[in-house]
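Visitor: I would like to go through this model with you, one topic at a time. Shall we begin once it is on the screen?

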Amino acid sequence: MVTLTPIHLLLADDDLDDRLFFKEAIDELAIATSVTTVSDGVELMHHLNSSEEKPHVLFLDLNMPRKNGFDCLEEIKRSEALNHIPVVIYSTSFDAEMVNVLFEKGAQHYVCKPGDFMKLKQVIHDALIAVVASKNLPASKDNFVIEVR
């Protein structure tokens, strides 16, 4: 009998509704997952630095109070203990220049949050498949941005 270990996701997002929609979307996917959420960058970094079990994938909002996603990404990528965690930027805004900076700083993928629930499920699914398929190889500029089809 084969036991599939769930993909452990960590979502850092200050918007409660976005966290709830994310968890609902995950619950409807046909991928074994577990989800932990935090509401700001300070809480995120505390969780990452104090937890024995690191997430397989981090979905990171950019605009959060106390410590924003840019600062968290930089701190994660500088840390020997954390820099292996694939970071998917999960943001409402899209700016090509900002996307290039995030790629250069080491994010694995960039996802623009869709307002539609079905599209949200699709983009989360596609991001997880992309992360698993990459096997922690460096991000590729060709597939950095994951868009809803």
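Visitor: What does Thr-37 touch, not counting residues up to four places away in sequence?

Guide: Thr-37 touches Leu-10, Leu-11, Arg-19, Lys-23 and Glu-43, where contact means heavy atoms within 4.5 Å. This is a predicted model, in which local features need pLDDT of at least 70 and side-chain atom pairs count only at pLDDT 80 or more, while totals for chains, interfaces and linings use all residues. Residues are numbered from 1 along each chain as its sequence is written, and side-chain values use heavy atoms, with hydrogens and water left out.

Visitor: Where does Thr-37 lie?

Guide: Thr-37 lies in strand β2, residues 33-38. Helices (H or I, at least four residues) and strands (E, at least two) are DSSP runs, numbered from the N terminus. The C-alpha atoms of Thr-37 and Leu-11 are separated by 4.7 Å, although these residues are 26 apart along the chain.

Visitor: How many bridges join β1 and β2?

Guide: β1 and β2 pair in the parallel sense over six bridges. Leu-9 stands opposite Val-35 in β2, and His-8 stands opposite Ser-34 in β2. From β1 the chain crosses through helix α1 (residues 16-28) to β2, and this β-α-β crossover is right-handed. The term right-handed applies if, with the strands pointing away from the viewer, the path from the first strand over the helix to the second runs clockwise.

Visitor: Which residues of β1 are on each side?

Guide: Ile-7, Leu-9 and Leu-11 are on one side of β1, with His-8, Leu-10 and Ala-12 on the other, and all are buried. Strand β1 is thus mostly covered, with six of its six residues buried.

Visitor: What about β3, then: which way do its residues point?

Guide: From strand β3 (residues 57-60), Val-57 and Phe-59 point one way and Leu-58 and Leu-60 the other way, and all are buried. Strand β1 (residues 7-12) pairs with β3 in the parallel sense over four bridges. The bridge partner of Leu-10 in β3 is Leu-58, and that of Ala-12 is Leu-60.

Visitor: And how many bridges are there between β3 and β4?

Guide: β3 and strand β4 (residues 87-91) pair in the parallel sense over three bridges. Ile-89 in β4 is the bridge partner of Leu-60. The chain crosses from β3 through helix α3 (residues 69-78) to β4 in a right-handed β-α-β crossover.

Visitor: Now the charges. How many salt bridges does the structure hold?

Guide: The structure holds seven salt bridges, each being a side-chain nitrogen of Lys or Arg within 4 Å of a carboxyl oxygen of Asp or Glu. One of them joins Asp-18 and Lys-113, with the closest N and O atoms 2.8 Å apart. This pair links distant parts of the chain, since Asp-18 is in helix α1 and Lys-113 in the loop between β5 and α5, 95 residues apart. Both Asp-18 and Lys-113 are buried.

Visitor: What does the pair of Lys-121 and Glu-28 tie together?

Guide: The side chains of Lys-121 and Glu-28 meet in a salt bridge (2.8 Å, N to O). Lys-121 lies in helix α5 and Glu-28 in helix α1, so the pair ties together parts that are 93 residues apart in sequence. Lys-121 counts as buried at 14% relative accessibility, whereas Glu-28 counts as partly exposed at 48%.

Visitor: Last topic: how many disulfides are found?

Guide: A search of the whole structure finds zero disulfides, a disulfide being a pair of cysteine sulfur atoms within 2.5 Å. Cys-72 is in no disulfide, and the nearest cysteine sulfur, that of Cys-112, is 19 Å away.

Definitions and conventions
Buried < 20%, exposed > 50% of the residue type's maximum accessible area, 1.4 Å probe, protein only. Pairing = 2+ DSSP bridges.
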